[in-house]
Amino acid sequence: MSEEYEPNILAFLCNWCSYAGADLAGTSRTHYLPNIKIIRVMCSGRVNPLFLVNALQQGADGVLISGCHPGDCHYLEGNFYARRRFMLMRKLLEHVGVDPGRVNMSWVSASEGAKFKEVIDETVAKAKEAGPMDQFRRRQLNW
Amino acid sequence: MSSRRPKIGVYVCHCGINIGSVVDVPAVVEYASSLPGVAIAREYTYMCSDPGQNLVKEDIKTSGLNRVIVASCSPRMHEPTFRKTLKEAGLNPYFLEMANIREQCSWVHEDHAEATEKAKKLVEAAVAKALVLEALEEKEVDVIPSCLVIGAGIAGIQAALDIADAGFKVYVVEKTPSVGGHMSQLDKTFPTLDCSACILTPKMVDVANHPNIELMTYSQVEAVEGYVGNFKATIRKKARYVDVSKCTGCGVCAENCRLAGRIPSEFDENIGMRSAIYLPFPQAVPAKYTIDPERCLQLSKGKCGKEGPACAEACTAGAVNFEQEDELVDIECGTIIVATGYDVFDAARKPEYAWSDYANVITGLEFERLVSASGPTGGKPLLGRDKKGEGGYLPQKVAFIHCVGSRDKSVGNEYCSRVCCMYLAKQAHLIRDKLPEADITVYYMDVRAFGKGFEEFYDRVRREGVRYVRGNPSEVFKKNADPEDHTLIVKVEDTLTAQALEAEHDMVVLGVGLEPRHDVREIIDLFKLSQSTDGFFMEAHPKLRPVDTASDGIFLAGCCQGPKDIPDTVAQAKGAASSALILIASGKVNVEAQVSFVTSSECRGCGFCVEVCPFGAIELVDENRMGNIVKVALVNEALCKGCGSCAAACLSGAIQPRSFKDEQILPQIAVLGVRT
Amino acid sequence: MVDETILREKAREVLARDDVRRLIGWKRGTYGYESAPAVLKDASQADELIFDPTCVQNPASFITLEEKLPVPRGQDPDTRKVAVLVKGCDSRAVVQQLVEKAYTRDGVIVLGVPCTGVVDRRKAQKMFGDTSEPVMIKEEGDKFVFIIDGETREGPRAELLADKCVRCRFPNPLVYDELVADEVAVWGADEFADVDEFEKMSPPEKWKFWEEQFSKCIRCYSCRNVCPMCYCLECVVTKQKPQWTRRSTDVSENTAYHIQRAWHLSGRCIECGECERVCPVDIPITTLNRKMTRDVKELFSYEPGVDVEAEPLLSCYNPQDPEEYIM
């Protein structure tokens with residue numbers, strides 16, 4: 001992309017691991033980019049892949065779904081379902097021409113505040129590289 | 001309280017200066033008051049304080065607020081606090097939404113303007129969600145007045161006794177043939193030097209005899225299901241091949257065992273020997289013998305001597321029974337305490353200390369058995385005994401090495417094991433006591449004498465002539481190949497004098513640390529616990545909920561949560577017991593209100609949700625749809641944990657988790673997705 | 001080759017049964033190169049049925065589309081079976097509908113029709129032009145013989161076959177109670193060359209392609225309505241609360257709609273190609289579905305609509321599922 005822009009990233013974090021990891025990053029005063037806005041869900045398995053489409057449509061330049069490491073899901077299996085779903089959704093979006101760097105997923109445990117920062121940095125970097133998401137952004141937001 | 005037309009109150013917290021020094025709070029308040037549905041927007045220094053909460057309560061009462069947004073710290077921190085506030089003011093607690101502008105804004109962003117903008121957005125998203133929040137009903141379920149305690153070390157014993165003394169039923173499951181755990185292996189305890197067995201044994205006996213305790217030794221939990229208040233566990237009582245109702249514990253069987261004195265005793269850290277039919281140690285509770293099925297000739301080879309098993313013949317009570325089989329027992333309990341303890345660090349993973357190579361390099365726990373009056377050497381620190389346990393010599397120059405397997409990234413253990421400094425000091429004292437002439441050196445990185453009486457004890461040990469050298473030995477090796485010469489060289493740099501030393505010793509004791517149990521994974525899978533970075537079980541909150549786990553009704557006690565000394569373990573066990581007792585004594589517990597529900601008129605009965613649900617909480621049932629019988633999903637609210645996996649699997653959106661419905665998340669996306 | 005007299009005879013037998021409510025099949029269309037779906041209630045109507053290369057529709061779509069009308073008080077609901085004629089490809093829809101518990105196996109009678117390929121309307125139109133009269137088509141060796149407005153024309157089979165038939169791996173029905181003709185030999189194979197070819201494009205090129213395609217969409221929802229797998233009582237794309245997509249037909253909402261549609265069919269699409277066939281503005285809709293089908297097969301070794309016992313793809317998982325992109 002020609003000019004530098006600040007991407008807007010929407011993150012869906014599971015309450016038990018990743019949201020707690022993000023809290024830990026806060027408690028440890030780990031500074032990261034303010035581009036990321038977090039929506040708390042109980043489990044990564046809750047995140048309907050269509051939320052991503054909606055986010056991209058609303059104008060998010062990248063999305064992140066983060067859950068517990070495989071095997072550590074507070075609800076036993078939610079992250080396994082999420083892994084499958086987002087793997088496919090990412091492929092589908094890629095097929096439509098959405099840069100795959102916009103769709104990110106991570107496993108961040110409650111003790112990985114430092115990893116959370118790394119994940120944010122990488123997600124933002126990828127979204128920067130992909131440029132502003134204006135392919136199928138809603139032109140008229142309020143009516 | 002009318003909730004039809006949302007009247008939202010937004011409360012932005014300064015959190016002292018934690019939020020206010022980065023985020024422009026007045027600007028956020030101003031922005032919030034411009035948002036649709038917002039009736040009141042205020043700021044306050046500490047929203048969680050009493051005056052802060054009163055502010056909310058007053059506004060609810062006087063202005064008729066029906067939605068409350070608190071923009072402050074993480075909902076993981078204070079959501080319960082403010083839910084309670086709403087409840088006290090007569091508002092449904094689920095009309096609360098929090099905006100996390102501390103952990104995920106002021107604490108992580110440096111740029112004040114950007115942080116303020118983000119805080120505004122987070123508040124706006126909370127408002128968007130608040131507009132569509134719904135009142136939820138909190139339900140109560142009965143708590144079965146009993147507790148299952150896993151592990152019968154000092155933590156499990158103490159927790160079980162406390163609950164049993166309060167008058168409630170306790171099931172204690174212990175994997176090994178006897179209760180007691182690691183504490184029963186210790187000789188003296190620091191810093192008071194009371195005899196470990198003397199203070200532990202009465203408690204062991206109490207556990208076995210308490211009318212409210214059902215003790216299951218040599219048993220393991222096979223499966224657990226259910227939820228807080230109503231757990232069901234299946235316990236496998238492994239076959240002892242000894243009828244415990246007949247066994248008198250006389251020990252004639254062990255004396256007659258063909259392998260008597262030929263099997264290394266786990267209890268004695270393999271220094272002493274036992275038989276194939278054995279009592280782990282003389283004070284074992286229950287005092288019933290057990291046959292080791294892997295070593296017993298009859299059980300492993302199918303044949304024991306020409307005349308058949310000698311133990312069975314010797315047993316006058318006729319207790320030996322080779323036909324015995326594992327027994328599965330189902331129990332129901334309201335709470336669970338996990339007290340599975342720890343493993344000591346495997347010294348073989350530090351090959352530079354040559355523990356595997358030389359008999360006179362031993363671990364701290366081996367040392368305990370060696371100096372224990374009930375140990376294989378009768379309390380004499382004898383080294384180099386022969387296979388029959390005879391001969392041997394007393395060491396003259398003893399070295400103790402700190403931090404073996406702790407504070408050591410090379411073995412993956414960054415943490416301090418908390419007990420090694422003091423147990424090594426105690427062991428140095430014991431050597432001084434038993435061998436007044438011995439030369440004693442302790443090699444340490446730091447001495448952490450933090451507990452009550454620790455520093456005084458450390459001081460006393462030094463005054464008794466124990467030399468402390470600050471340095472982490474790099475190598476231990478034998479001075480020469482002569483088998484009669486036991487001299488070992490400890491290579492170390494004295495970091496206080498910057499001198500490289502090669503000191504001679506004839507006994508080296510490794511201060512091995514504490515590690516998560518090797519079978520920790522099984523427990524995790526069974527109870528769905530999570531682990532901290534160090535591998536120990538993770539508590540629900542490191543400060544405020546140190547004995548709780550993320551799973552309601554399951555508590556932690558002792559070293560399974562992290563290294564601890566005995567008083568800390570006992571304190572935590574008592575804490576876990578009281579936490580369990582809160583549930584048991586009140587008899588009721590609130591279950592998750594944020595569960596899934598099905599709009600059956602939209603359900604097409606495909607069963608995707610049924611297959612996704614990890615808790616088996618959904619089933620397909622018949623529904624009469626205008627005379628046609630169709631299948632639709634139905635949620636069992638007592639089993640549902642509210643994860644919402646079903647909602648993501650549902651194609652029609654018929655099943656939705658309360659408080660996290662599509663129509664509640666989409667507005668948040670609409671706010672936060674917009675690039676500013 | 002299917003003998004229509006046998007087909008009609010079997011249909012007549014089935015329709016005559018007391019426990020059969022209706023039979024779904026094909027009848028002669030009113031104009032052009034395609035047959036029309038036939039929904040018969042009575043054995044006397046059996047002679048309307050046909051089977052020839054015009055029979056491109058998937059009758060399985062109509063099993064789930066039947067509206068469950070209110071049952072008058074005092075009456076019992078009609079629980080009689082529905083009989084359906086299916087080609088190999090259509091039968092996969094039945095399999096998948098069974099996987100998704102749309103009905104039970106004994107609620108349907110499946111008459112299998114082994115098929116040697118049907119004609120693509122668009123290809124025939126290109127070759128022979130439009131007509132307002134129904135066209136008859138016969139297969140003769142490697143040719144299709146057409147009778148268009150009374151005139152006999154012929155064209156090469158390979159050029160006129162529908163795309164799904166070119167790569168057909170299931171000419172014989174996978175689930176049936178009875179076959180109306182002998183099974184035929186499999187001729188096709190599917191290497192997903194079209195997907196590979198499409199993927200050679202860069203993301204901006206792909207988007208350029210789709211932007212053009214999706215701009216055409218008039219959101220008539222024909223693709224959704226015809227799909228044998230789409231039978232929710234209320235579809236999320238047209239729901240008002242919550243509203244996932246707005247009703248305006250701009251490229252943003254259209255794209256969102258098509259992604260939603262393709263997503264909901266991932267691991268469920270049985271490649272009958274009906275969506276693309278019915279599209280009035282010629283959007284290559286199956287290009288999206290084909291991509292999902294290929295990836296589902298590659299990533300999870302899963303193929304929908306071939307095994308009645310299979311678990312739905314997204315309602316199960318394998319702990320070893322690929323996760324190379326996960327941070």
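Domain 2 of chain B and domain 3 of chain B bury about 950 Å² between them, with carbon and sulfur atoms giving 66%. Buried area is the accessible area (1.4 Å probe) that two parts lose on being put together, summed over both. Helix H7 (residues 196-209) of chain B gives the most to the domain 2 side, with 5 residues. Helices are DSSP runs (H or I, at least four residues), numbered from the N terminus.

This is a predicted model: local features need pLDDT of at least 70, side-chain atom pairs count only at pLDDT 80 or more, and totals for chains, interfaces and linings use all residues. Residues are numbered from 1 along each chain as its sequence is written.

In chain B, 13 residues of domain 2 are in contact with 13 residues of domain 3; contact means heavy atoms within 4.5 Å. The count between these domains is 0 salt bridges. A salt bridge is a side-chain nitrogen of Lys or Arg within 4 Å of a carboxyl oxygen of Asp or Glu.

Now turn to chains C and A. Together they bury about 4,200 Å², 66% of it on carbon and sulfur atoms. C:Trp244, C:Tyr325 and C:Met327 supply 23% of the area that chain C buries against chain A, more than any other three residues. Here 46 residues of chain C are in contact with 43 residues of chain A.

This interface has 3 salt bridges. One of them joins A:Arg138 to C:Glu253, with the closest N and O atoms 2.6 Å apart.

Conventions:
Chains are lettered from A and ligands numbered from 1 in the order in which they are written. Side-chain values use heavy atoms; hydrogens and water are left out. Helices (H or I, at least four residues) and strands (E, at least two) are DSSP runs, numbered from the N terminus.
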